[in-house]
Amino acid sequence: MLDHILSILIFFPALAAVFGFMIQKDSIRAYGISVAAIEFGLSLWLWFAFDGNVSGMQFMESLPLIPSFGINYTLGVDGISLFIVILAAFFTMIGIASLTDTPNVKYMIITLLFLQMTMVGVFVALDAIVFYVFWELSLVPMLYIIGAWGGPLRIYASVKFFLYTFAGSLVMLVGMLFMAYFFYQATGVWSFAILDWYRLILPESFQLWLFVAFFLGFAIKVPMFPFHTWLPYAHGQAPTIGSVILAAILLKMGTYAFIRFSLPLFPDASAFFMIPIAIIAIIMIIYTAMVAYAQEDVKQVVAYSSISHMGVIILGTFALNVEGISGSIFLMIGHGVVSGALFLLVGVIYDRRHTKMMNQFGGLAHVMPRYATIFGIMLMASVGMPLTINFIGEFLSLLGFYQQSHILTLLAGTAIIVGAIYMLAAYKKMFFGDITKDENKSLKDVNKRELLALIPLSIITIWLGIYPKPILDPINNSVESVVQLMHNKAQSDLAKDRIPNLVEEAIVITKTSVKEVH
C-alpha cells in the first residue's frame with residue numbers, strides 16, 4: 001500500500017466526494033469528518049514511513065500518460081512537500097469539523113473533498129503537466145466556495161480570483177512548453193518530468209525569460225505585490241472555511257512552486273532577480289502592514305497581515321541558501337497554522353454577532369475569556385514572538401537573507417515590527433476596555449466543537465515554536481540538495497557568488513580541523 005500511498009492520498013477524497021452525493025443530508029457532516037480524518041491518518045502514516053535522512057524523492061510512482069510527448073503520471077514527496085501535504089489534510093479535517101449551520105452543507109463538504117484532491121496533487125506531482133492540471137483544477141472548487149457561500153460581493157470576488165490566477169497560469173504553461181521543447185532540443189526526447197528538467201543547463205538569456213513566465217504564474221498565486229488585489233476581496237467575501245483553506249494551503253502553492261521550479265531550473269536567473277524580488281517582498285511586508293492598520297474589519301486585518309507575512313516567505317526563498325529556504329518552508333507551515341487559526345477565530349465571532357467590524361466589539365475578554373486567550377496566543381504567533389511557530393521561520397528567513405544584503409534584511413525586520421503594532425491595536429479594540437454594546441454582554445464563549453479545532457492549532461503553534469527539529473531536519477536535508485544542485489548548475493559569477501557550495505564548505509572545514517589536530 002505504501003507503494004501507492006501518494007495516489008491514495010490524492011484520489012481517496014475525490015472518490016469519497018463522489019459517494020458523498022448518495023449520503024443523506026443528516027449524515028453528511030459525520031461522513032465528511034470521517035473521510036477527512038482517514039486522509040489525515042494516511043498523511044501521518046506517510047510521515048511515519050518517510051526517511052528524514054534521505055534528501056531525494058521518496059514513494060515515487062510513475063505511469064505513462066502520453067509517452068510520445070514524455071507526459072507521465074509521476075509522483076513523489078521529499079522534505080519540502082511532505083509537511084504541506086500533512087497540513088492540507090489537517091486543515092481539511094479541521095475545516096469540515098468546524099463547519100457551522102451552512103446552507104447546502106452537503107455540497108460544501110463534497111466541494112472541500114474535491115479541493116483536497118487538487119491540493120495534494122499539486123504538492124506531490126513531479127510531472128509539469130500533471131502539476132499544471134492539479135494547479136488549475138484547484139481554482140474550480142474555490143471559485144464555487146466563494147461564489148456560492150460568500151458575502152454580498154461574492155460573484156465579483158470569485159471571478160476576480162479566477163481570472164487573476166488563471167491568466168498567470170497560462171503564462172506559466174507557455175514556460176513549461178518551452179522547457180519541454182528545450183529538453184527535446186538537447187536530448188532528442190520529449191519530457192515534462194521535473195527531475196529530468198533539473199539536468200538541463202540553459203543559457204542565461206533563456207533562463208531570464210523562462211523565469212519571468214513561471215514567476216507570473218507563481219507570484220499571482222502567492223500573491224505578491226502588485227498582483228495581490230484579488231486576495232482581500234476573496235478573503236472578505238469567502239465563508240470562514242474558504243478563507244481558512246485559502247490562507248493555510250492555497251497561497252502556499254505559489255511559494256512551494258518557486259522552490260520546486262524556479263530556483264533549481266533557473267539558478268542564474270534566480271540570482272539575477274534576487275534583489276528586485278527582495279524589494280518587492282519588502283514592499284509587500286510594509287505596504288500591506290500599513291493597509292492592515294487602516295482596516296476597520298477584523299477579517300481584512302487578518303487578510304492583509306497574511307499577505308505581509310507571505311513577503312517574509314518570499315524573502316527567505318530568494319536568499320538562495322539553506323537557512324533562508326528552510327526558514328521559508330517552515331514559515332509556510334507556520335503561516336498556514338496561524339493564519340488558518342485566525343480566520344477560524346474571526347468566524348467564531350462572526351457566527352455570534354454577524355459583523356466583523358471592530359468598533360462593534362470591545363471588552364470581549366470579560367465575556368469570552370477562552371476565546372480571548374486563544375486569539376491572544378495566535379496573535380503573538382502571528383507577530384513572530386519567540387517560542388511560537390512563526391518566530392522560527394521568520395528568524396531563519398531573515399538570517400538567510402542577511403547573508404545576501406544587510407540593509408534589506410534590516411528593512412524587512414523593522415517592517416515586521418509594524419505587524420506587531422496593527423495586530424495589538426486590533427486586539428486592544430476587540431478585547432480590552434468596557435463592554436459598550438449590549439449585544440456583547442450575553443455572548444457565549446467558544447463551545448466544544450470550536451475548541452476541538454482551535455486547541456490542536458494552539459498546541460502545534462507553541463510545540464513547534466519550542467521544538468521545531470522533527471520538521472526542520474527533513475526540510476533541511478531536501479533543501480541542501482536543491483541548493484547544491486543550483487550551485488552546480490550556476491554559470492554566471494553573480495550566481496556562483498550568491499549560491500553557496502555546500503560540498504566545498506564541508507571540505508574546507510575538514511581540512512582546518514585536521515590542521516588543528518596536528
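# Briefing: core, pocket, cavities and loops

At 0% relative accessibility, Leu320 counts as buried, because buried means under 20% relative accessible area. The model described here is predicted. Its largest nonpolar core has 195 residues, and its largest pocket holds about 750 Å³ of space. The points below cover the loops, the core, the pocket, the cavities and the one hairpin described here.

**Loop between helix 15 and helix 16**

- Leu320 is found in the loop between helix 15 and helix 16.
- The backbone of Leu320 has a positive phi of about 60°, although Leu320 is not a glycine.

**Loop between helix 18 and helix 19**

- Leu387 lies in the loop that runs between helix 18 (369-382) and helix 19 (389-402).
- Leu387 also has a positive phi, of about 75°, and is not a glycine.
- Is Leu387 buried or exposed? Leu387 is exposed, because its relative accessible area is 55% and the cut-off for exposed is over 50%.

**Loop between helix 9 and helix 10**

- Pro223 lies in the loop between helix 9 and helix 10, and the peptide bond from Val222 to Pro223 is cis, with omega near -10°.
- His228 lies in the loop between helix 9 (204-221) and helix 10.
- With a relative accessible area of 6%, His228 is buried.
- Leaving aside neighbours within four places in sequence, His228 is in contact with Pro223, Tyr287 and Ile307.

**Largest nonpolar core**

- Within the core of 195 residues, Phe131, Trp197 and Phe261 have the most contacts.
- Helix 16 gives the largest share of this core, 17 residues.
- Which residues does Trp197 touch, not counting residues up to four places away in sequence? They are Ala128, Met176, Met179, Ala180, Phe183, Ser191, Phe192, Phe214, Phe261, Leu265 and Lys489.
- Met176, one of the residues that Trp197 touches, is found in helix 7 (residues 154-187).
- Met176 counts as buried because its relative accessibility is 0%.
- Not counting residues up to four places away in sequence, Met176 touches Ala128, Phe131, Tyr132, Phe192, Trp197, Phe214 and Phe261.
- Met176 and Gly376 are 200 residues apart in sequence, and their C-alpha atoms are 44 Å apart in space.

**Largest pocket**

- The largest pocket contains about 750 Å³ of space.
- This pocket is lined by 33 residues, and those closest to its centre are Thr100, Pro239, Thr240, Tyr350 and Asp351.
- Helix 6 (139-149), helix 10 (230-237), helix 11 (240-250), helix 16 (322-353) and helix 21 (448-466) each supply at least two lining residues.
- Which helix gives the largest share of the lining of the largest pocket? Helix 16 does, with seven residues.
- Sorted by class, the lining of the largest pocket has 16 nonpolar, 11 polar and six charged residues.

**A residue in helix 21**

- Helix 21 is among the helices that supply lining residues to the largest pocket, and Ser458 has its place in helix 21.
- Ser458 counts as buried because its relative accessibility is 9%.
- Ser458 touches Ile374 and Met378, not counting residues up to four places away in sequence.

**Cavities**

- Rolling a probe the size of a water molecule over the atoms shows where empty space is left.
- How many cavities of 30 Å³ or more are there? The count comes to four.
- The largest cavity holds about 50 Å³ of space.
- Its lining is made of Val302, Ser305, Ser306, His309, His335, Val338, Ser339, Leu342, Ser382 and Asn390.
- Helix 15 (298-317) and helix 16 each supply at least two residues of the lining of the largest cavity.
- The lining of the largest cavity has three nonpolar, seven polar and no charged residues.

- Strand 1 (residues 58-66) and strand 2 (residues 71-77) pair in the antiparallel sense over six bridges.
- Pro64 has Asn72, in strand 2, as its bridge partner.
- The two strands form a hairpin with four residues between them.
- In the turn of this hairpin, Gly70 has a positive phi of about 65°.

Conventions:
Residues numbered from 1 in each chain as written. Predicted model: local features only at pLDDT ≥ 70, side-chain atom pairs only at ≥ 80, totals over all residues. Heavy atoms only, no water. 1 Å grid on protein atoms, 1.4 Å probe; cavity = no way out; pocket = protein on both sides within 12 Å on 5 of 7 lines; lining within 4 Å. Points joined across faces, edges and corners; volume = space filled by probe spheres on them. Nonpolar A, V, L, I, M, F, W, Y, C, P; charged D, E, K, R; others polar. Pairing = 2+ DSSP bridges. Core = buried A, V, L, I, M, F, W, Y, C linked by side-chain atoms within 4.5 Å. Buried < 20%, exposed > 50% of the residue type's maximum accessible area, 1.4 Å probe, protein only. Contact = heavy atoms within 4.5 Å.
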